[in-house]
Amino acid sequence: MGILIYDKPFKTYDEQINHLKDDYGLSITDTDFAKYVLSTFSYYDIINGYQECMMINGKFRQGLSIDYLHFFHLFDKGFQNIIFKNSLIIENSFKTKLAAVIAKNYGVDMNDYLDNKNFKYTHKGKIFFPKVKEEILKGIRFFDKQSNRYIYTNQPTKHYFENHNHIPPWILLKNISFGNSINLYSLLKPEDKEEVSDSIIAVSIPVNSKMAFITSSVNLIRAFRNVIAHNLKFVTFHQNKYLLPFDTTKSLINDEILTADITKFNNVYACILAIHVLLGHPILKTKFLYDIYTLIADNPGNSKEYKMIQALICNDYFFITDLGSNFIDKLIHLLDNIRSQ
């Protein structure tokens, strides 16, 4: 039996640096800095994470340096952090509004509001309430045969089970996934779903269009959030399963400057627009957009050299992510629209 030769053997940092210079054509002038980058952010994140958009015919672009990849990575992570933070706000807001309608219409005891009769059996033959309910309950408790009772494992449902006589929906939803809270929304009866939808988007548009936009947007935001949370490739990610409905999105944004030349809403720009719509309140919208603008305009120490690097990074980033060369103009335009409301 032959000896297995691994195609991805361990390489020291010096060997990684030589490989990057000799085989990939990456510019490395400061070996100590390169070792710092590779030992802090990992070869995979810095090299593999961007090679498909930074390499041509197996070589990094002429003159591209590890310093540039390092700064590009920091910018990318900064951008992702803004998306991630606001996706959590969206998730919490969505669950809060969903829980309020469920509690108002079906009570605060889990046995009452999770009764099968309060939800549709299935949504489009793909999501089934009994399965969703089973996943929710498995996620918060298990049956202990020795004590012959359920043991709740996560806070705050554990605290409510042990210290109160019921677990209200606004507590239960704290311990279920964003995906299953979206499934519950999809399985709501039409009148309940309309009530939740109106609490999320107050704009007067056809209710079916509103529901379709909410379902697509929360799923799209969740998909981008999961890519960020699992440290996967973000800059080239497109969500093709949950595209924002084209006409409804254009209607809600209601500004040709922001939607011109767009044929489908499935990239990070679509995610930004979805977050913008679902944040609802002008203060939250302004904070979200201003955080992005601040990241773009960042220049620690007011350095001319860093300003030039930042400009190059932004041009690359906007092109690779399909944000577009006029993204800054769109960002400013969005902020101006909020101020004029």
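**The nonpolar core and its aromatic pairs**

The model before you is predicted. Its largest nonpolar core holds 103 residues, and those that touch the most other members are Met54, Phe79, Leu172 and Phe327. Helix α4, residues 66-106, gives the most to this core, contributing 15 residues.

Let me take Phe79 in particular. Beyond its neighbours within four places in sequence, Phe79 is in contact with Phe234, Val268, Ile272, Ile292, Leu295, Tyr317, Leu323 and Phe327. Phe79 also belongs to a cluster linked by ring pairs, together with Tyr50, Tyr68, Phe72, Phe75 and Tyr317.

The count of aromatic pairs comes to 21. In one of them, the ring centres of Phe75 and Tyr317 lie 5.0 Å apart with the planes at 75°, so this pair is edge-to-face. Because Phe75 sits in α4 and Tyr317 in α16, residues 304-320, the pair ties together parts 242 residues apart in sequence. Phe75 and Tyr317 are both buried.

Phe119 and Phe129 form a stacked pair, because their ring centres are 4.5 Å apart and their planes meet at 10°. Phe119 counts as buried at 5% relative accessibility, and Phe129 likewise at 1%.

How are α1 and α2 oriented to each other? Helix α1, residues 13-22, packs against helix α2, residues 31-41, at an angle of about 105°, with the axes 10 Å apart. The two are therefore roughly perpendicular. Tyr13, Asp14, Gln16, Ile17 and Leu20 of α1 meet Thr31, Ala34, Lys35, Leu38 and Ser39 of α2. The residues of this contact comprise five nonpolar, three polar and two charged.

How values were computed: Residues are numbered from 1 along each chain as its sequence is written. This is a predicted model: local features need pLDDT of at least 70, side-chain atom pairs count only at pLDDT 80 or more; totals for chains, interfaces and linings use all residues. Side-chain values use heavy atoms; hydrogens and water are left out. Axes are lines fitted to C-alpha atoms, for helices over the stretch in contact, and angles run from 0 to 180 degrees between N-to-C directions. Helices (H or I, at least four residues) and strands (E, at least two) are DSSP runs, numbered from the N terminus. Angles under 35 degrees count as roughly parallel, over 145 as roughly antiparallel, 65 to 115 as roughly perpendicular and the rest as oblique. Contact means heavy atoms within 4.5 Å. Ala, Val, Leu, Ile, Met, Phe, Trp, Tyr, Cys and Pro count as nonpolar, Asp, Glu, Lys and Arg as charged, and the others, Gly among them, as polar. A nonpolar core is a set of buried Ala, Val, Leu, Ile, Met, Phe, Trp, Tyr and Cys residues joined through side-chain atoms within 4.5 Å. Buried means under 20% relative accessible area, exposed over 50%, partly exposed in between (1.4 Å probe, protein chains only). Rings of Phe, Tyr and Trp (its six-membered ring) pair if their centres lie within 6.5 Å; planes under 30 degrees apart count as stacked, over 60 as edge-to-face and the rest as tilted.
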